[in-house]
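Please have the sequence and the model at hand while reading.

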Amino acid sequence: MGFHIRKRRRLTLAGLAFILAILAAGAPVQAVADPAALKLQYQLVLARPTTHLVEIHIDAANVTEPQLDFVMPAWSPGRYAVYDFAKNVQEFDARGGQGQALPWQKTDKQTWQVDTRESGGEVRVSYKVFANDLNGSFSQFDTSHANLNGASIYMYVAGHKPDPIALTADPPPNWKIISGFSLSTSQKTFRAPNYDRLIDTPMEISPACSILTFENAGKEYRVAVHSYNSDANGAEKLKEGVEKIVQAETAMMPAPDYEHYTFIFHFDPEIEMGDGMEHLNSTQIIISGDPSGSGLDEALVDAAHEFFHVWNVKRLRPAALGPFDYTRENYTRSLWVAEGFTNYYSYISLLRSGLWSRATFLDHLAGEIRQLQDEPGRKLMSAESSSFNAWFYDRAPQMQETNFANSTISYYNKGALLGMLLDLEIRSRTGGQKSLDDVMRYLYTKFYEAPAVSYYEPGRGYEEKDVLEAFNAVSGSDFGPFFTDYVRGTVPLPYNKTFALAGLSLRVEAQQGAAPSLGILTSPEDRGVRILSVMPGGAADRAGLSRDDLLIAVDDLSLATSGLSDRLQIYPPGTSVPFTVERHGIRERISVTLDPPRKEQYSIVESPLATPEQVKIREGWLGKGN
């Protein structure tokens, strides 16, 4: 039912001896169940949508241990942030096989330890989860739907994550169940080979959710749309775009090992921030908008990104990402590949699918360059460091003031740019015969299609050194210096040097009529402009302005009645301008020598003087093929 992956079972010595005896006799080998495995049955009850409470029952049979630890994950794979889902657990209860209450205690923030000595070998644990957040990590249950992400809903039994699980869902009458478990929307009982697969299969349970389908290479794809705007035309356009993306990405990578795949889209104009989350044979994409308007373009970009995760992250994965320790951070220095390359390939796929023109593709890459160049942290944080420290800032809640604005970068952003530069570099070094596509296929074959090393799924994870080795093997050259400078180091990225290989160049200009720069990020308030961050070395920094300062006036002209940019536009760069500043309730005047306007217009342009060799590289990159 969506799971077609080999599984390595845990064996006792006796079980291993039994298998060896069968092999010696020449008899066919049958799967041997782990005698210590629990028989696990999960029940999901959706009774009262207005309470936002999801009810869970976990029945465990074949219990021989004196105690069982039921653990709520602290985080969800794909989102590198500790959320502590146990915060929303309430009304925990434990019973034995005859319905008798069993003693239990909470041993840490996420573990409920149940004394099973008097259980009779059977335990039922019950609890409720408050669910009222629509995004790729949390869950939401209200009168319009139940959107369930497993890590935020289901506990696991410590030491028994590899054990098979049966799940029964009890939704309100006439609500459809949509998930990667099954193509049926009325099926209510499902099976997962282990806990990891259970929580890697989100569910959208809804009375009204449109479903459109298409086939590609013998596999069925569904586009499920949960929206408060029932525009059938918008949903059809979305399906058409998704189909083109699937065709482009499956044409590049090895055939995925699933029978069907489900895209679950949510269009909600009330949410503050969109989201997307990858899964083995499904994805959830949440858009603030509607499928017939601006939300369509955003949805297709997200779909291209999340679907490429089918290969990159969900199967080809860093060693730290599966099997998972759900109680703590799982560190890797390779998110610049896992997420950054995926970001790059979302753009590539939109180009190859025909959904984007060359100009649109190059504009988006230019936007990525601008984003990195606007980050002071690019001088301090490498791509590997950004990956390793993701747990500090990947949509993680911040309860203390941080200097992240000046000290960090995004591994999505820099990873995408590294993917672009490495792609062009390989094409140049191999005379257009190889590309980043070949590196991705090489890694996938070497690591995912290798023998399994755990129960989790086939293959094994890669280390950081393996990525460099793959580039060297595919290109027949040494990428060591490139990795030293730009992946592990903070040397400025060689945009124009690399673009020149393909007869391209980066053009950076100030916007016509732009105001001089202070080097600050601000937020307007009733009495003026609040400084949110100060760029190191900029005009404000040199003058002694500080984060949290409130700018009241420019040369006695109020900032309550006019914007900062409008006030500064009358001064040429280099002018010393007095500001009225309020700091800790005290006003003072601080003079700032203005910098030239920031260069905010980035574009990648094709050179009309490119050589035939450069044109070959450029056309190989920008064409739909390869």
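The model is predicted. In it, helix 5 and helix 10 are roughly perpendicular to each other, because an angle from 65 to 115 degrees counts as roughly perpendicular. Their packing angle is about 65 degrees, and the axes lie 7 Å apart. Helix 5 passes helix 10 in a right-handed crossing.

On the side of helix 5, the residues in this contact are Leu335, Trp336, Glu339, Gly340, Phe341, Asn343, Tyr344 and Arg352. In helix 10 they meet residues including Tyr411, Tyr412, Gly415, Ala416 and Leu418. Sorted by class, the residues of the contact of helix 5 with helix 10 comprise ten nonpolar, four polar and four charged.

Helix 5 also packs against helix 4, which covers residues 295-308. Here the angle is about 125 degrees and the axes are 8 Å apart. Helix 4 and helix 5 are therefore oblique to each other. Helix 4 passes helix 5 in a right-handed crossing. Leu300, Val301, Ala304, His305 and Phe308 of helix 4 make the contact with Glu339, Thr342, Asn343, Tyr345, Ser346 and Leu350 of helix 5. This contact of helix 4 with helix 5 has six nonpolar, four polar and one charged residues.

| Helix pair | Angle | Axis separation |
|---|---|---|
| Helix 5 and helix 10 | about 65 degrees | 7 Å |
| Helix 4 and helix 5 | about 125 degrees | 8 Å |

Helix 5 and helix 10 return in the surroundings of helix 17, which spans residues 612-622. Which residues of helix 17 are buried? They are Ile617, Arg618, Trp621 and Leu622. Seen down the helix axis, the buried residues of helix 17 fall within an arc of 115 degrees, so they line one face of the helix. An α-helix has 3.6 residues a turn, so residues three or four places apart point the same way. Pro612 and Glu613, on the other side of helix 17, are exposed.

The buried residues of helix 17 pack against helix 5 (335-352), helix 6 (358-373) and helix 10 (411-429). They also pack against two strands, strand 20 (504-509) and strand 27 (601-606).

Gly431 sits in the loop between helix 10 and helix 11 (436-448). Is Gly431 buried or partly exposed? Gly431 is partly exposed, with a relative accessible area of 32%. Apart from neighbours within four places in sequence, Gly431 is in contact with Lys616 and Ile617. Gly431 and Gln614 are 183 residues apart along the chain, and their C-alpha atoms are separated by 9.6 Å.

Definitions and conventions
Residues are numbered from 1 along each chain as its sequence is written. This is a predicted model: local features need pLDDT of at least 70, side-chain atom pairs count only at pLDDT 80 or more; totals for chains, interfaces and linings use all residues. Side-chain values use heavy atoms; hydrogens and water are left out. Buried means under 20% relative accessible area, exposed over 50%, partly exposed in between (1.4 Å probe, protein chains only). Helices (H or I, at least four residues) and strands (E, at least two) are DSSP runs, numbered from the N terminus. The arc is that of the directions from the helix axis to the C-beta atoms. Contact means heavy atoms within 4.5 Å. Axes are lines fitted to C-alpha atoms, for helices over the stretch in contact, and angles run from 0 to 180 degrees between N-to-C directions. Angles under 35 degrees count as roughly parallel, over 145 as roughly antiparallel, 65 to 115 as roughly perpendicular and the rest as oblique. A crossing is left-handed if the near helix is turned anticlockwise from the far one by less than a right angle, and right-handed if clockwise. Ala, Val, Leu, Ile, Met, Phe, Trp, Tyr, Cys and Pro count as nonpolar, Asp, Glu, Lys and Arg as charged, and the others, Gly among them, as polar.
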